[in-house]
Amino acid sequence: MPTCPSVPRRHGVPHGTRVISVPSRSRPNLRERNHERTRDEIAQHALALFAAHGFDDVTVDEIAASAGISRRTFFRYFDTKDDALLPGDASRLQRLEEALQARPGAEGAFDAVRTAVLELAEDYETSSEEFLQQARLVLATPSVHARSLSHQADWEAVIRTFAAERARHAETSLLPQLLAAGCMAALRAALTTWLHDEGRTDLVALVTAALDGLGDGLRHQG
């Protein structure tokens, strides 16, 4: 893949700037892996019901019955019915944080974020059929769509914090804000194109093209 420009590093952080490190996470233990597996199984039952009957016409009790669990158990894994349609968002946030932390310290902010966002794209493409089903339902359900956008705002905040620390800029300065918002916009645009094409195009290639266009703009900013 072609390389993209790095956000220029600024030596020294402006007085009064609070720079926050993106937290690293330990590998999940057996209990956590079992919890995640059960959560995924419940979400698969929920997705099948949503696809067959529509999101609004499926109840939590019906999801629980399909998964062979109680209503109380459902709420041990999901706060709301909406969350059962977005089961991968929390784990994607964690993987994004881990991917950013894994980038070499000498790598520029944009190159590091670019690589991490491309890993997100690969994750979507790996489960493309399931994600396409989820995406159609999310876009058709305003409450879930709003929650999805809220999750994406969390991803953007993680990128912004990382970019500010890596480039040694204040988090509220232009470049970290532009880099984070731009990378998320590039990902959303590529996902929208991919969704309209029913997943037939290469998602990673679409995200790469979108990020490379953003990189050209950041070169001029630098």
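Reply: H7 and H8 are roughly perpendicular to each other, since their axes, 5 Å apart, pack at an angle of about 110 degrees, and the range that counts as roughly perpendicular runs from 65 to 115 degrees. This is a predicted model, and the values that follow are computed from it. On the H7 side of this packing, Val138, Leu139 and Ala140 take part, and they meet Pro142, Val144, His145 and Ser148 in H8.

H7, which spans residues 128–140, also packs against H9, residues 174–196, with axes that come within 11 Å and cross at roughly 100 degrees. That angle makes H7 roughly perpendicular to H9 as well. The contact is made by Ser128, Phe131, Leu132, Ala135, Arg136 and Leu139 of H7, together with Leu191, Trp194 and Leu195 of H9.

H8 itself covers residues 142–167 and includes Arg166. Arg166 is buried yet has no salt bridge, the nearest side chain of opposite charge being that of Glu107, 4.8 Å away, whereas a salt bridge would require a separation within 4 Å. The side chain of Arg166 does, however, reach the backbone oxygen of Glu107, at 2.8 Å.

As for the setting, the chain contains 10 helices and zero strands, and buried residues make up 44% of its 222 residues. Among contacts between residues at least 6 apart in sequence, 76% join residues at least 24 apart.

Methods. Residues are numbered from 1 along each chain as its sequence is written. This is a predicted model: local features need pLDDT of at least 70, side-chain atom pairs count only at pLDDT 80 or more; totals for chains, interfaces and linings use all residues. Side-chain values use heavy atoms; hydrogens and water are left out. Helices (H or I, at least four residues) and strands (E, at least two) are DSSP runs, numbered from the N terminus. Buried means under 20% relative accessible area, exposed over 50%, partly exposed in between (1.4 Å probe, protein chains only). Lys and Arg count as positive and Asp and Glu as negative; His and the chain ends are not counted. A polar contact is a pair of N or O atoms within 3.5 Å; within protein, one must be able to donate a hydrogen and the other to accept it, and residues adjacent in sequence count only if both atoms are side-chain atoms. Axes are lines fitted to C-alpha atoms, for helices over the stretch in contact, and angles run from 0 to 180 degrees between N-to-C directions. Angles under 35 degrees count as roughly parallel, over 145 as roughly antiparallel, 65 to 115 as roughly perpendicular and the rest as oblique. Contact means heavy atoms within 4.5 Å.
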